Amino acid sequence: MIATAPPLALQAPQLMTTPPLLTMTGVSRRYGDVVALRDVSATVYPGEVLGIVGESGSGKSTLLRMMNLEDMPDAGDYRLALPDLPGNLFDLDRFARRMLCATRIGIVYQNPHLGLLMKHTSSGNVAERLLIAGERSFAALRGRAREALDASEFPLDRMDARPLELSGGMQQRVQLAKAIALEPVLLLLDEPTTGLDVSVQALVLDTLKRLQRDRAMTIVIVSHDLGVIRTMADRVMVMRRGRVVEQGLADQIFQDPQHDYTQQLVHAKL
Amino acid sequence: MTIATLTKPWEAMSYGFLDASAKRELRRKMLKAIAVPGCQMPYASREVPMARGWGTGGLQVTLTLLRPSSVVKVIDQGADDSVNAASIRSFLSKVSGARETWDTLEATIIQSRHRIPEERLRADQVLVLQVPNPEPLRPVEPNMSVARQMHADADYGRLWLILYEQIVRSGRVMQGAAYPSLVNGRHVMTPSPIPRWDVPKLHMAQHLTFLSAGREKRLYAVPPFTRVEPLVFSDVPFQVEDHAALTCHRSGLTGYFMNEIPQGGGGSQFELSDSNLGIKAIRQAEGAEARVGSTWYENGKMPQ
Amino acid sequence: MIPVLEVQDLAKHFQMHHLGQKLHAFDSINFTLQAGEFLLLRGPNGVGKSTLLRTLYRSYLPRAGHIWYHTTEGRIDLATAADVDIALLRRREIGFVTQFLIARPRVAAEDIVAEPLRRAGMPAHEALGEARRWLAEFGVKRDLWRAYPTTFSGGEQQKVNLARALILPQRLLLLDEPTASLDAGARAALIRRLADLKAAGVAMIGVFHHPGDVAGLIDRKIELTAQEVSEDVAV
């Protein structure tokens, strides 16, 4: 491997006057001897889709879990542009974290067992989110669950089936409906289509894309699949061994990758 | 001076069966339970001469509260004369010297399984409910550590989720006994397997209620004048069992919670679940001296 | 008069790590582009015409030099501007027209075309009406408007692509062989549209396989040679 000649250093944003929605600075995390994240920083602007790629163990999923406040770092700062929560979100107590995650952040996991109550109905899974946020009208719960499932292009005649009885693609749609039911400021997608059949994967990605476009959602998507990232992301962060090795506009990362590792990734795919 | 003069004479057991330290622990936990209405307090459930699951939790609370001047009533599903109720009552009086009664008005302590008497309880009475499973979150969260955290967070969404799914499946709330209720606007408790009919009796009641589960080693309380609100949707009102129009075939009383007695022809007869209320009504009808107190339900309706 | 674009000493090469070598593209490109000007990039195949366009668009990261782009809020160097600024400019001011459509599954042709307008905040029905107008202008048959372009032939896809790329007036348009695989009708529509945009002050840089198609629009030419760019050649 030869040293990467430093490309021209990029400047701070000048034209983009809207502040970033998500700012993560200097996040590090060790699990025993394993360093999962080393001084990772990330910025996501409103309406933007940030893709995070990397092989397993690169720290990309750990980073996403931290964005969902499921795990706390050893060091680092995490802010969302929420007027009522101006400080470092890692400093919130457990209760405030839970409310923040339940009402302002949506997440779709690769493994639906992590995101869904498998033995409850699909509509009930969506309704639970609304219940946490304080909705107490049955008609409203029913209506809003139906709306969210419909937006996720879930077949409504099955809305009272249990996720246990549904296909993988359908389970992901229930997760998505649950994630968007409260119109979160941030949607996190952790390998949302990994493990699905290719045709189902395309349909789920299409739904995600459509939702993003219609609702101008801010999304962070993690995947080891470059095709998924290429379809979804405006900007891409490449991670390896807990570090960000490269980031840039999606078309630039795919057409003109700078780092040795990114070039290997891109060339392995194409 | 001898040892004999310095110590008390030998006795078969402490007053009220439980030893002093056990009662002290229970008193502390009962005070804590009053201080945080509806919040489950763990306690070291002691051995009593009865199998777990037969009311040992209620028994330990009652034993702690008893004194020689107490008047004790024990009911089992509304009846004073069931074997279990009778045995517990006689045990209580034997170890404390308390007087036994069947009459709700006369009792100072009422230990009950699955019912609250129909006659209004007063501020000087204490109700002790036996609880088989004190954890309302058990159906939605099998891990009790997680369930406790959910109580801490007042994270009760999944209890409404159960109600939501009952309405989706059956068109109405199917939860019968042990209807989860929010106490003092903070903790959700299970009011023990009393029917829905009895839940409103706990709301802003004059009397103190203890709920105790011996096997699960948890007790909690509803202090006097505390809000007890069954979990409901804003657009699906809470409904008690449809017993308002039923008439007891023995006492002739109407408008109380009834036991259904299937008849040979396929029909049913009904009799008062609160058996002593029925007995008093029959005595009155026969011209004997029997005082019936004011009841929670009037003409089958709970006044707001 | 302030130009739209001032390119100074722009250089690009590709570092191929797995081969351990540098791939040279171009060095010290210098030119200026005014509003309403049409600049033709010329040179033999493989000399880096498309590479230059992509570098200006920042699909490729420049190695050295400046790409001064003048906005109403002052000038910004596209060579080093933040990614989000580039994304912003691409949404609002800088367009790139290629010969390839990246069609997405299950998005109708008219929705693909309307998207830039929707992103610019136009109401859905208005944007759709405008999209249909442009599909008609480029000669896409009416019964294809609501179909998915993934199934279209190359020529039809290109028409959808052009309609989308040109629907929203930009300040700077980068054209990478947009006439390739177009039929005569669509080519005429394209040239009409480009002429209108040029008249409206849009600055354009283009690579054309057959420059004769756009002969009437060209103001200046830049000749790329194997090593470096030659002087501007006046038409």
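How far apart do the C-alpha centres of domain 1 and domain 2 of chain B lie? I looked that up before anything else, keeping in mind that this is a predicted model. The answer is 24 Å.

**Chain B, the two domains**

I took the bounds from the domain assignment: domain 1 of chain B covers 20–230, and domain 2 of chain B covers 242–304. Next I checked how they meet. I found 18 residues of domain 1 of chain B in contact with 15 residues of domain 2 of chain B. I then sorted the domain 1 side of that contact by class, and it came out as eight charged, seven nonpolar and three polar residues.

**Chain A against chain B**

How many residues does each chain bring to the contact between chain A and chain B? I got 16 from chain A and 13 from chain B. On the chain A side, I noted three helices that each supply at least two residues: α2 (94–104), α4 (122–132) and α5 (138–151). Which of them gives the most? That is α4(A), with six residues. By class, I counted seven nonpolar, five polar and four charged residues on the side of chain A that touches chain B.

**Chain A against chain C**

I went on to the other partner of chain A. Here 30 residues of chain A are in contact with 27 residues of chain C.

**Chain C on its own**

I finished with the fold of chain C. I see six helices and 10 strands there. The C-alpha trace of chain C spans about 50 × 40 × 35 Å along its principal axes. Is chain C compact or extended, going by its radius of gyration? A compact globule of 235 residues would have a radius near 18 Å, and chain C has 18 Å, so the value agrees with a compact globule.

I also wanted to know what share of chain C is buried. Buried residues make up 44% of the 235. Last, I checked the reach of the contacts within chain C: taking those between residues at least 6 apart in sequence, 68% join residues at least 24 apart.

Key: Residues are numbered from 1 along each chain as its sequence is written. Chains are lettered from A and ligands numbered from 1 in the order in which they are written. This is a predicted model: local features need pLDDT of at least 70, side-chain atom pairs count only at pLDDT 80 or more; totals for chains, interfaces and linings use all residues. Helices (H or I, at least four residues) and strands (E, at least two) are DSSP runs, numbered from the N terminus. The radius of gyration is taken over C-alpha atoms; the globule rule is 2.2 Å times the number of residues to the power 0.38. A residue is buried if 20 or more other C-beta atoms lie within 10 Å of its own, exposed if 12 or fewer, and partly exposed in between; C-beta atoms are placed from the backbone. Two residues are in contact if their C-beta atoms, placed from the backbone, lie within 7 Å. Domain bounds come from an automatic or database domain assignment. Ala, Val, Leu, Ile, Met, Phe, Trp, Tyr, Cys and Pro count as nonpolar, Asp, Glu, Lys and Arg as charged, and the others, Gly among them, as polar.
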